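Visitor: I'd like to learn how to read a few features off a model. Could you take me through them one at a time?

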Amino acid sequence: TNILMGGIRALVDSCQLSGAHVLFCSEAEAERMQGAGFARRSSYQFHWHNRGYASFEDFLAGLKSRKRKQLRKERARALEAIDSIEFVPAKDWQDEDLSALDRFYRATVHEHGGHDYLRPGFFERIANNLPTVAYFARARRGGRTVAGALFFEGQDALYGRYWGCDEQLEFLHFEVAYYAGIERCIARGLRLFEAGAQGEHKLLRGFEPALTHSCHWIADPRFDKAIRGFLIQEEAGVQQHMRELSEYGPYRTPGAE
């Protein structure tokens, strides 16, 4: 690790870069990099944790009554509007699937005013390099694909990204991006489901706030000092906000309805 960190700093200097950024490192890795002079940042995402559920209904049974009814309603509405949702491994993607993934991604980015940093050909490279790790959660209606999301599956976790659709169908976003993923984790015994950044609406659907870590090497000492000052203030705010979010979680206390 020390050799790697030294290499990062040397690369920044030799290429005259403004800095280098290590994202989504573990807490232990963040501590080591902080000890080596990197600026450490804490943020949070919403993660779903498998508590040994036997089925999706078993998961729902652990929610507060109102939230349980809400999720059942959303799933029913979404599934009534489509024919099927299938997790298609990248090795089986056809041209139609690749086109849909790219189209959904760019449409969602443009709708939210973002920057489509994934260039054309990205999903083809995913199919070639991660044939049994990447999946297309494909929602079909009337014989054609109307929505979907990209997933990556590891030995113990599922990661979801890049939801998109051709038709705005009620609650289908929640079904494809969240509920279908939760159901897959339960069926395959996966411990963790990370469904992407942002989205406090995930809190009501079984996801809980979880700390994430990153570390940053900034070349300009003046800029580095200003960033470190901000990070100290930000961390206090992140911790406070996570405590507040935890109070609104959907899970019922043991023995209560």
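Visitor: Is Phe123 buried or exposed?

Guide: Buried means under 20% relative accessible area, exposed over 50%, and partly exposed in between, with a 1.4 Å probe and protein chains only. Phe123 has 1% relative accessibility, so Phe123 counts as buried. Tyr105, at 3%, is buried too. Keep in mind that this is a predicted model: local features need pLDDT of at least 70, side-chain atom pairs count only at pLDDT 80 or more, and totals for chains, interfaces and linings use all residues. Residues are numbered from 1 along each chain as its sequence is written, and side-chain values use heavy atoms, leaving out hydrogens and water.

Visitor: How do I read an aromatic pair?

Guide: Rings of Phe, Tyr and Trp (its six-membered ring) pair if their centres lie within 6.5 Å; planes under 30 degrees apart are stacked, over 60 edge-to-face, and the rest tilted. The structure holds 18 such pairs. In one, the ring centres of Phe56 and Phe59 are 5.3 Å apart with planes at 70°, so that pair is edge-to-face. Phe59 is buried, at 0% relative accessible area. For Tyr105 and Phe123, the centres are 6.3 Å apart and the planes at 70°, so this pair is edge-to-face. It links distant parts of the chain, with Tyr105 in helix H5 and Phe123 in helix H6, 18 residues apart. Helices here are DSSP runs (H or I, at least four residues), strands are E runs of at least two, and both are numbered from the N terminus.

Visitor: How do the axes of H5 and H6 cross?

Guide: Axes are lines fitted to C-alpha atoms, for helices over the stretch in contact, and angles run from 0 to 180 degrees between N-to-C directions. Under 35 degrees is roughly parallel, over 145 roughly antiparallel, 65 to 115 roughly perpendicular, and the rest oblique. The axes of H5 (residues 95–111) and H6 (residues 122–129) come within 9 Å and cross at roughly 130°. H5 and H6 are therefore oblique to each other.

Visitor: Which residues of H5 and H6 meet?

Guide: Contact means heavy atoms within 4.5 Å. Leu98, Leu101, Asp102 and Tyr105 in H5 meet Phe123, Glu124 and Ala127 in H6.

Visitor: And where is Phe171 found?

Guide: Phe171 is in the loop between strand S6 (157–165) and helix H7 (172–188). Its phi is near 65°, a positive value in a residue other than glycine. Phe171 also belongs to one aromatic cluster with Phe87, Phe151, Phe174, Tyr178, Phe193 and Phe207.
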